[in-house]
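Please keep the structure open as you read.

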Amino acid sequence: MSPNVWPPLPPRNESESDKAARLAAEKEAKRISDEIDRALEQERQELRKRRPQTKILLLGQAESGKSTMIKNFQLYFCPTTFQAETEAWRAVIHLNLVRFVNHGLYVLSNTNSGSGGKSGDPKKDYRMFQMRLSPLKQVEMILTRCLSAESSQPSSFGEDKPVLRTEGLTEVSVRGGTGWKSFIRRRRGSQSKVLVNPDELDDARRILDACKDDIVSFWENTAIRRALEQEGMDLHHHARYFVEQARRVADIKYTPSTDDILRARIRTVGVEEYRMTMETAAEKGSEWVFYDVGGQRSQRASWASYFEDVNAMIFLCPMSGFNQRLSEDKSVNRLYDSMTLWEGVCRNKLLANATFILLLNKADVLRAKLKAGVQFSDYVMNYDRDQPNTVESVAHYLRKEMMEIHRVYSPHKRQLHVHMTCAIVRTPRLYNSTMESLICHRRTPTSWLPY
């Protein structure tokens, strides 16, 4: 008889009294087993009550700062996890750097600037940098394949084709849910069909280290910078930070700092789920789940499926987009699109009981534009020209407009918290306010915060 069979088979020649005793023992054993199962299930239920799962949804158009805000929350609430991902972010940072340099070289290859071979001629300097920095194309291909994992095809990079298109410096996209950060932890000999092996990643770092002095010289070349500006290249692109830090960032011993990681950019396609186990005293051990959904127009139809059972919705409105157009539709102003999106989110009945947090983001970029002389009133007709062209005045105007939309279109009165933010700057007050509002929401989910 197998020892794993339950209940055990009756012994041969079992008497009636023995059978009765055996059945009674089996009944008692089952009763005890059922009690243990019920106790375990009750304990699990109590644990769920004591440590509720908090679900937070981040919404906003593409490049509004959602992924950067996620990094900020992770850094503040679960720094151990944040630090564990440092190595993966190094690859992203290196990719941001080499794509910016490669794009600059491509722009110069089509420039009409030059002075016929005189000293300081960008054409002459370009030919030298094109030769010395050509290995960076291979670095970009390796890192792009690695980060994009199975979703990218290496055949898209031709030997003689430019790495980037002429319309601007685009971001590499990763599909949400693919666990792209884990690529760096794959061991040699893995059976995964990853398109890049660890040896190639090491080669990419060595190539970048060998090119670092030339990258520094390229960026410090006045004639090159002037030619790039004349050709309309965005020299204030976020990757500029890494180019200016190239001697440190491209070094073979480089380890990303917290500020480096916050400034790194990679575009998410689809929905990325982040599970954070809180390490702060107030919520230690509880699990918060953040959903970062793609903000491009083609991806917005999938938002609604994540609206149910959400504790809070964080909406990011990039204030600096007032003089920009959507990459998907050049006829639509980015700020107008954000306000239209905000109205739709406020109307949605599935989010009626969620805590609303509005982040007027990219205050630093807005400040730089206004300081450079760009007039907010030239793009937003309802903004009185007599009002100051300052960050504080513009933010006050947008706050008032967005709060009015929330008041008019919400299904019923609910909490709304508004903050002016810069996603690359850590703001403990914002994170503490978010935690407090969510704790309050769990206790009184329909509470009302006055405007």
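Let's begin with E35, which is partly exposed, with a relative accessible area of 37%. Bear in mind as you look around that this is a predicted model. E35 forms a salt bridge with R31, and their closest N and O atoms are 2.5 Å apart. Both residues belong to helix α1, where they are four residues apart, about one turn of the helix.

R31 also forms a salt bridge with E28, again with 2.5 Å between the closest N and O atoms. Because R31 and E28 are three residues apart in helix α1 (residues 16–50), about one helical turn separates them. R31 counts as partly exposed at 37% relative accessibility, and E28 is partly exposed too, with a relative accessible area of 36%. Salt bridges also link E14, R22 and E26 in a network.

## A salt bridge between distant parts of the chain

Now turn to K212 and D251, which form a salt bridge with their closest N and O atoms 2.6 Å apart. This pair links distant parts of the chain: K212 lies in helix α7 (residues 198–220), while D251 is in the loop between α10 (246–249) and α11 (258–263), 39 residues apart.

Are the two partners buried or exposed? K212 is buried, with a relative accessible area of 15%, whereas D251 counts as partly exposed at 23% relative accessibility. The cut-off explains the two labels, because buried means under 20% relative accessible area. A search of the whole structure finds 21 salt bridges.

Which residues of helix α13 (residues 363–371) are buried? They are A363, L366, K369 and L370. These residues lie on the same side of α13, because they cover an arc of only 125 degrees around the axis.

What covers these buried residues includes β7 (355–361), α14 (391–409) and β8 (416–420). After α13 comes G373, which has a positive phi, near 105 degrees.

## Aromatic pairs around F376

How many aromatic pairs does a search of the whole structure find? The search gives 15 aromatic pairs. One of them joins F322 and F376 in a tilted arrangement, 5.1 Å centre to centre, with 55 degrees between the planes. The pair links distant parts of the chain: F322 sits in the loop between β6 (312–318) and α12 (334–347), and F376 in the loop between α13 and α14, 54 residues apart. Both F322 and F376 are buried.

F376 has an aromatic pair with Y397 as well, this one edge-to-face, at 6.2 Å centre to centre and 75 degrees between the planes. Here the loop between α13 and α14, which holds F376, is linked to helix α14, which holds Y397, and the two residues are 21 residues apart. F376 has a relative accessible area of 0%, and Y397 counts as buried at 10% relative accessibility.

## A ring cluster and charges over rings

Elsewhere, ring pairs link F73, Y76, F77, W288 and F290 into a cluster.

Finally, have a look at two arginines placed over aromatic rings. R263 lies over the face of Y241, at 4.3 Å from the ring centre. The charged end of R414 sits over the ring of F356, 3.7 Å from the centre of that ring.

How values were computed. Residues are numbered from 1 along each chain as its sequence is written. This is a predicted model: local features need pLDDT of at least 70, side-chain atom pairs count only at pLDDT 80 or more; totals for chains, interfaces and linings use all residues. Side-chain values use heavy atoms; hydrogens and water are left out. Buried means under 20% relative accessible area, exposed over 50%, partly exposed in between (1.4 Å probe, protein chains only). The arc is that of the directions from the helix axis to the C-beta atoms. Contact means heavy atoms within 4.5 Å. Rings of Phe, Tyr and Trp (its six-membered ring) pair if their centres lie within 6.5 Å; planes under 30 degrees apart count as stacked, over 60 as edge-to-face and the rest as tilted. A charge sits over a ring if NZ of Lys or CZ of Arg is within 6 Å of the ring centre and within 35 degrees of the ring normal. A salt bridge is a side-chain nitrogen of Lys or Arg within 4 Å of a carboxyl oxygen of Asp or Glu.
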